[in-house]
Structure formats: C-alpha cells, structure tokens
Amino acid sequence: MMLFNRDRDRPWKFGLTTILFLILAFFVKAQNAYVAFLDSSIVDIVQKTQPGWKTLMYRGITILAEPKLVIVWTFVLAFLLWGFKFKIPALWSLATLIGGDVIAAIVKNVVQRARPAGHLAVDNGYSFPSGHVFGTFLLMAMIWLILIPMIATPWRAWIVRIIVLIWMALVMISRVYLNAHFPTDTFGAALLAYLWLQVAQGLYIRLAPVMKHWPLLKKSEI
C-alpha cells in the first residue's frame, strides 16, 4: 500500500487553488485597495493588544518557524524516516521542501511586494508569500500525511492533528503580529504551499513505484 493514494479530486483541488492563488497574487501585485483594506482590518485585530508576554511568545514561535530551521526539521524528519525504512518518503520530503522553496522564491521576485512599514531589519527581502508560513505548511503537511497515519491510537492521532493546526495558525498570526508580513502574505503562502503539495503528491504516486526498483531503495516502504 502506497503512502498516497490516487485522488480523483486532485485536479479540482489543484485547479481551484491555482485560481485562488493567481487572483490573490494579481491583486497584491496591483496594490488593490480591497486587499489593502482586508490587510489593515486584520492587522488592527491581531495587533490590538501587545503585552510583553505575547510579543515574547510570538518571537519564539517565529524563530522556531524560521525557514532555515524548517530545513533542519525536515532533514531530521527525513533521517528518521530513512532509519525506519521509509527511504522514498524521506527523499520525497526533502525534495518537496527544496522544490517548494525554489518556487516560493520565484513568486517573491515576480510579485516584489514590499514589507510592511516598520518591519524589523532581520525581515529582509520581499513580503509575498511568507517564507515562514510556506515552509511550516509543508512541514506540517508531511507530519499530517506521513507520521500521523502511523499512530495506532485514534485519540492520540487527533491530538497531534490539533497541535499541527494550532501551530500553523500561531505561525501565521506571529508574522502579522510582529509586522513582518501582511495577512494576505500568509494566506498566499498557505495557498501556494497547498498547490505545490498537490503537485508533489501526484509526482510521488507516479515515481515511487519506479524508485522502488532502484538498488538503494529496494527495501523502502512506499
């Protein structure tokens, strides 16, 4: 049994997500007034109160979700998968993150959205999409798709799912709270990551059975 099964709805998921992402990217690139209004409305809510403990918490979250650290976490995940004979899923995890980072970098340079005014100096580069959110989404998706199905106890699996969803939400909020990104940067990152994930899963279904015959990967689970 393969890690991912063929999904008849994948073309629809891919198509709908592509349309939504392209619409959002176009409006962001055009500096649309409605996008600006949406961003400012959400920022007002997220940044309404800024006690010291909340700022410290969100700074800690954003450090743990740093794109460079996400690469480290993914390598750790791949190492563990490889050790438990999930060699092809391990390679897929690394390829998905690396390929996704390349795509996100290209989109950043195409859209070229400036960061919010008053952002920290460490948050350099273009703003759309959020690299923190993009990388975290892919890593959480790997945990959701690969590790959670291995948990035998249903209630434990649900606890992990809830933790994954909460962490994803906290990372998105932290980037807005710390003035590193506009809210639509985080929405765009999630859409782009989900879009790329559909492509990566489709490639896995096609390539995993072929890779299973490679000498180094013969004993790998798929």
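The buried residues of helix α7 pack against α2 (33–46), α3 (52–64), α6 and α8 (183–211), where buried means under 20% relative accessible area with a 1.4 Å probe and protein chains only. The model is predicted, so local features need pLDDT of at least 70 and side-chain atom pairs count only at pLDDT 80 or more, while totals for chains, interfaces and linings use all residues. Residues are numbered from 1 along each chain as its sequence is written, and side-chain values use heavy atoms, without hydrogens or water.

Helices are DSSP runs (H or I, at least four residues) numbered from the N terminus. Helix α7 covers residues 154–177, and its 24 residues reach 34 Å from first to last C-alpha, close to the 34 Å expected at 1.5 Å a residue. Its buried residues are Ala157, Arg161, Val164, Met168, Val171, Met172, Ser174, Arg175, Val176 and Tyr177. Just after α7, Asn179 adopts a positive phi of about 65 degrees.

The contact (heavy atoms within 4.5 Å) is made by α4 residues including Trp73 and Leu77 and by α6 residues including Leu139 and Met142. The contact residues divide into nine nonpolar, five polar and no charged.

Arg10 lies in helix α1 (residues 10–29). Arg10 is buried, with a relative accessible area of 11%. Leaving aside neighbours within four places in sequence, Arg10 contacts Asn5, Gln198, Gln201, Gly202 and Ile205.

Note on methods:
Helix = DSSP H or I, 4+ residues; strand = E, 2+ residues; numbered from the N terminus. Nonpolar A, V, L, I, M, F, W, Y, C, P; charged D, E, K, R; others polar. Expected span 1.5 Å × (residues − 1). Buried < 20%, exposed > 50% of the residue type's maximum accessible area, 1.4 Å probe, protein only.
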